[in-house]
Amino acid sequence: MNHLPLIIQREYLTKVKNKSFLIMTVLSPLIMIALITVVMYLSQMNNNKQRTISVLDDSGFLTEAFIDTENTKYNVLTGLTLDNAKKLVEEQGNYGLLHVNKIQNFDNVGSAVQFYSEESPSLSVISSLENKIEKELTNQNMAQKGIDLATIKASKISIDIAQENFTGVKSSKIDSVVKLAFGGAAGYLLFMFIIIYGNMIMRSVIEEKTSRIIEVIISSVKPIQLMLGKIIGTSLAGITQFVIWIILGGVLLTVVSAIFGIDFAQAQTPQQELMLQAMDNPGTGEKVQSLFTAFYNLPLANLVIAFLLFFISGYLLYASLYAAIGAAVDNETDTQQFMLPILMPLILAVYVGMFTVIEDPHGTVSTIFSFIPFTSPVVMLMRIPFGVPIWQQIVSLLLLIGTFMGTVWFAAKIYRVGILMYGKKPTYKELLKWIRY
Amino acid sequence: MSNLLEVHQVSKNFGNFTALNNVSITVPKGSIFGLLGPNGAGKTTLIRVINQITMPDSGHVLLDGEALKNHHVRDIGYLPEERGLYKSMKVGEQALYLAQLKGMQKAEAKKRLKMWFERLEIGDWWNKKIQELSKGMAQKIQFVVTVLHEPKLLIFDEPFSGFDPINANLIKDEILRLRDNGATVIFSTHRMESVEELCDHIALIHKSNKVLDGNLMDIKRQFKTNTFQIGINPNNSGLEQELASKFSVTPAEFKTLGDDLKLNIKLSDNESANDLLSYLNNQGQISHFVEVIPSANDIFIQTVKNN
């Protein structure tokens, strides 16, 4: 008798109809968006504050260097002593006072500039001042030494190395960034999915134990059917939740950015900075153009198929272990000791992926980890956008599926014995004994 | 009478622990079979073997003459001792789900459930969640779910626990009715008065071994000690000493109208009740004469102590 569809249906419906699940599904994107909005809004407000910086330039070289911007106003003082200038700046409540000593020649200007302020100034203010002064003084120094600025500018050469592999597929730096983004997103998605829904499976197994319904159920169905039904049903509920999150999040993001006028694209995460660096700030049109080319350059079909296969097998591998843990213990507090060995390889996979794959997607470390079954789903997913030979993908997948069948077998054994054991927290030794029952 | 269930030489070990050691039982069709034994004797393991929850290390089980297979779960209804229901699921939904797991069609299950709910007067619980019901109420649902698919073999492990006397009686009557309709019942309990009341066959398991089994009356005959309980108003006061010298005598406790002498008299194998009766006939006014039949309780305690 095949009860699998029936069990999957029940698991799915109870999960989806559960109140806390519904609340989480709706609330999570709301909270996320609200948080992002608040953070963005606050940082924008922070930037909008105007500050006035007074400049006392005794050298006379820098009179042209300071041009007011949206956020900063420069107030050039003249004919004051340093002490008077300080007093004045303090009275006016200015952000600070920049003082430049008299400069004899450009060789030792390093110590000639000083900044006075009530509170220690922000890093960005200081570096922007340094930038301005350096640029201005360099220009004047060059002029003094008889170097023609226009000639320098004209003789500057910019290089963008064109990349092409032996079969003739062209790529560029931006390609690498897009690949990284794809691989990283896929690997991270799998990681999150395993942790969130693995836990959900575990809790649902424990619930059956504590409500004592388990013996009634397994007098009708095989434990392995029940376990697989649980895993699949919960995963489907998880996918439903994920899809709702993405749609709801997208809609909310659009609405919020329209209402508050916050440009989310302006928020620069370190990854985006990397991207901008790689692109060397070309014009916007060019930017979009090259993004699209990069996207089409990805091995898309391979990517989608590999994503599905590795995602499903990797998820099932871990999900079956979570189910086994749920069966082995009586309540959630007892799960801790068994969680660590599951989380370790998972976290390792994410870190290996983040550090070695970025460094060298085909290096020894990333290649090895993309074959080890417990880390391969995450690491391989990160590597694939960079083009992994098909044989490697197949070998890795076969290893993964083999191990997955092994863990399901192992988990089913633990599950079969564990669900009927009450009142005692088992040790690893006992778990191994259960396999032989 | 043919047997519905035959368990042949079943053994089961858990590591170094032996839960069942070559246990065989036969359950006749249409009987109520009492599976008895002290705590931890192996009853639950045996029941789980019959339910195919646990696989035996050796031995085999025949249901209706066939070796146990997957599809036999439809022919068995099992009410485990450790029982419960999904707390947050509605009564009706849950009962339907469990019935479908036993291979019933949804529509058929719904029809029968409505009927049962009406019989037990719990029709208005259909949309309640289990967590809103009391323990006894949940037990009723559990009972209905166990018997709903009209299995040939019903296995009840402590079916009356959690019921008040009225509901326990109701369930007892339902069990008897199911038996009359052709079901065979295996009944595991520690309440010996229910065994006396319901069972016609028993098996006693002690320390993983079957130590006793058979028809309850046959077993009682086997355990009878040729002892008679008498009440007599003696003609002379020396009767008690006289009896004590002739037979093995212990004081007895029962109610009489007069101030009679009350004794248990154990006869030797070559003496009969008639001999005792004709002897007593001349000694006084007999108010009470009855054979002492060993109770299931006595048999249980005696057998367990001797092993």
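This is a predicted model: local features need pLDDT of at least 70, side-chain atom pairs count only at pLDDT 80 or more; totals for chains, interfaces and linings use all residues.

Biologist: Start with helix 12 and helix 14 of chain A: what is the handedness of their crossing?

Modeller: Helix 12 (residues 336-359) and helix 14 (residues 376-383) of chain A pack at about 25 degrees, with axes 8 Å apart. An angle under 35 degrees counts as roughly parallel, so helix 12 of chain A is roughly parallel to helix 14 of chain A. As for the handedness of that crossing, it's right-handed.

Biologist: And which residues of helix 14 of chain A meet helix 12 of chain A?

Modeller: By class, the residues of this contact are seven nonpolar, one polar and one charged. Helix 12 of chain A brings Ala349(A), Val350(A), Val352(A), Gly353(A) and Val357(A). On the helix 14 side of chain A, you're looking at Val378(A), Val379(A), Met382(A) and Arg383(A).

Biologist: Now helix 11 and helix 14 of chain A: are they roughly parallel or roughly antiparallel?

Modeller: Helix 11 (residues 300-328) of chain A packs on helix 14 of chain A at about 165 degrees, the axes being 9 Å apart. The cut-off is 145 degrees, so helix 11 of chain A runs, relative to helix 14 of chain A, roughly antiparallel.

Biologist: How many charged residues does the contact of helix 11 with helix 14 of chain A have?

Modeller: That crossing is left-handed. Phe307(A), Phe310(A), Phe311(A), Ser313(A) and Gly314(A) of helix 11 of chain A touch Pro377(A), Met380(A) and Leu381(A) of helix 14 of chain A. Sorted by class, that's six nonpolar and two polar, and the charged count is no residues.

Biologist: Over to the two chains: which element gives the largest share of the side of chain A that touches chain B?

Modeller: Here 18 residues of chain A are in contact with 22 residues of chain B. The elements of chain A giving two or more residues to that side are helix 1 (4-17) and helix 7 (214-218). The largest share, four residues, comes from helix 7 of chain A.

How values were computed:
Residues are numbered from 1 along each chain as its sequence is written. Chains are lettered from A and ligands numbered from 1 in the order in which they are written. Axes are lines fitted to C-alpha atoms, for helices over the stretch in contact, and angles run from 0 to 180 degrees between N-to-C directions. Angles under 35 degrees count as roughly parallel, over 145 as roughly antiparallel, 65 to 115 as roughly perpendicular and the rest as oblique. A crossing is left-handed if the near helix is turned anticlockwise from the far one by less than a right angle, and right-handed if clockwise. Two residues are in contact if their C-beta atoms, placed from the backbone, lie within 7 Å. Ala, Val, Leu, Ile, Met, Phe, Trp, Tyr, Cys and Pro count as nonpolar, Asp, Glu, Lys and Arg as charged, and the others, Gly among them, as polar.
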